Amino acid sequence: MKVSRVSMTVEELKVSRFIAGFWRQNTWGFSDPELQAYIESLLELGVTTMDHAFVYRSESQFGRVLTAAPHLREGMEIISKFGIRPAGFGELGARETNHYDSSPEHMKRSVEATLSDLNTAYLDVLLVHRPDFLMNAGELAAAFTELKAQGKVRFFGVSNFSASQFELLQSACDFPLVTNQVELSPLCLDPLGNGVLDQCQRHRVNPMLWSCLGGGRLLLGKDARSVRIRNALGNIADQVGAESLDQVIYAWLLSLPCKALPIIGSGRIDRVKRALPAENIQLDREQWYSIWEASTGYSVP
């Protein structure tokens, strides 16, 4: 099957309902031709949106693929992130202390490095990777505007921001932020209650969701909570005719009214193919809440 596309906050930006995450690309062991074949397979499935970050160290190899096959660029949307500066990451990293840096100067240097590494003239979306306690929202918004005017970045968003942090930065921008990329899974329920998803729904912002399978713990974890959730997932899989627990998890996330965009972080195309039918699986409210109950360990009040 081919996955659908979604218009985000602004009509000019369309992305695939599932996003390909390259966080662990360096652990996949792909040669450049193998990575190219993987990207081509994603595009054939309609997974056109590619998620990178400076700290993933995924961009150089991805850029070599785009150098070898430049026609692939026009069929995809590229997301990248800036702002985490770990020690040992060269001049864009830290001298000694890992820290966050949302300053306009660092953002511009990071974007230039990303564009060079990816061998692309522009990014479709740039995200602030983590909240920076020293962020000057007005200065950052002005730098966003400059990059947008230069054609280097089309749209902007954030990652791992609280609702109030998102609101602060949005208040300084003359254009809408298009996403907040947050961790959400049956093992990480925080965005359901901390106001982030409420804010996304109010602003018609599609959140992007990372670690949807709990880093594999939902499928393999032996702790009591993981086992409890897995049993609930298995029961629902039987009820809805799902082929795997992955599909039930993704269907649970896709049920959210904020129209979330799950990130698939696997380098195995069979895992990607297995996830996509979740878009056609409908959970009723009782099924949805049974997974919530298995996670929390108690029923709703």
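Let's start in a loop: Asn119 is found between H4 and S8. Those labels need a word. Helices (H or I, at least four residues) and strands (E, at least two) are DSSP runs, numbered from the N terminus. This is a predicted model, so local features need pLDDT of at least 70 and side-chain atom pairs count only at pLDDT 80 or more, while totals for chains, interfaces and linings use all residues. Residues are numbered from 1 along each chain as its sequence is written, and side-chain values use heavy atoms, with hydrogens and water left out.

Back to Asn119. Its phi is near 55°, a positive value in a residue other than glycine. Is Asn119 buried or partly exposed? Asn119 is partly exposed, at 41% relative accessibility. Here are the cut-offs: buried means under 20% relative accessible area, exposed means over 50%, and partly exposed is in between, with a 1.4 Å probe and protein chains only.

Now take Asn160. Its phi is positive too, near 65°, and again the residue is not glycine. Asn160 sits in the loop between strand S9 (153-159) and helix H6 (163-172). With a relative accessible area of 18%, Asn160 counts as buried.

Asn160 leads us to His129. Which residues does His129 touch, leaving aside its neighbours within four places in sequence? They are Ala53, Val55, Tyr56, Lys81, Phe82, Ile84, Ser159 and Asn160. Contact means heavy atoms within 4.5 Å. His129 lies in the loop between strand S8 (123-128) and helix H5 (137-149). At 7% relative accessibility, His129 is buried.

Another histidine next. His52 is in the loop between S4 and H3. Its relative accessible area is 0%, so His52 is buried. The C-alpha atoms of His52 and Ser80 are separated by 4.6 Å, yet these residues are 28 residues apart along the chain. Leaving aside neighbours within four places in sequence, the contacts of His52 include Phe22, Glu59, Phe62, Ser80 and Leu118.

On to the aromatic rings. A pair of aromatic rings is described by the distance of the centres and the angle of the planes. Rings of Phe, Tyr and Trp (its six-membered ring) pair if their centres lie within 6.5 Å; planes under 30 degrees apart count as stacked, over 60 as edge-to-face and the rest as tilted. How many aromatic pairs does a search of the whole structure find? The search finds 16.

Look at Phe22 and Trp28. Their pair is tilted: 5.7 Å centre to centre, with 50° between the planes. Phe22 is buried at 0% relative accessible area. Trp28 is buried as well, at 17%. Phe22 also pairs with Phe62: the centres are 5.2 Å apart and the planes stand at 80°, so this pair is edge-to-face. Phe22 lies in the loop between strand S3 (19-21) and helix H1 (25-28), and Phe62 lies in helix H3 (residues 59-68), so the pair ties together parts that are 40 residues apart in sequence. Phe62 is buried, at 0% relative accessibility. One aromatic cluster is formed by Phe22, Trp28, Phe30, Tyr38 and Phe62.

Charges meet rings here too. A charge sits over a ring if NZ of Lys or CZ of Arg is within 6 Å of the ring centre and within 35 degrees of the ring normal. Arg24 lies over the face of Trp23, at 4.6 Å from the ring centre. Lys148 lies over the face of Phe175, at 5.5 Å from the ring centre.

Phe62 takes us into H3. Its buried residues are Glu59, Gln61, Phe62, Gly63, Val65 and Leu66. What covers them includes H1, H2, strand S4 (49-51), strand S5 (77-82) and helix H4 (104-118).

Last topic: helix against helix. Axes are lines fitted to C-alpha atoms, for helices over the stretch in contact, and angles run from 0 to 180 degrees between N-to-C directions. The axes of helix H2 (residues 32-44) and H3 come within 9 Å and cross at roughly 80°. That makes H2 roughly perpendicular to H3. Angles under 35 degrees count as roughly parallel, over 145 as roughly antiparallel, 65 to 115 as roughly perpendicular and the rest as oblique. From H2, Asp32, Leu35, Gln36 and Ile39 meet Gln61, Phe62, Arg64, Val65 and Ala68 of H3.
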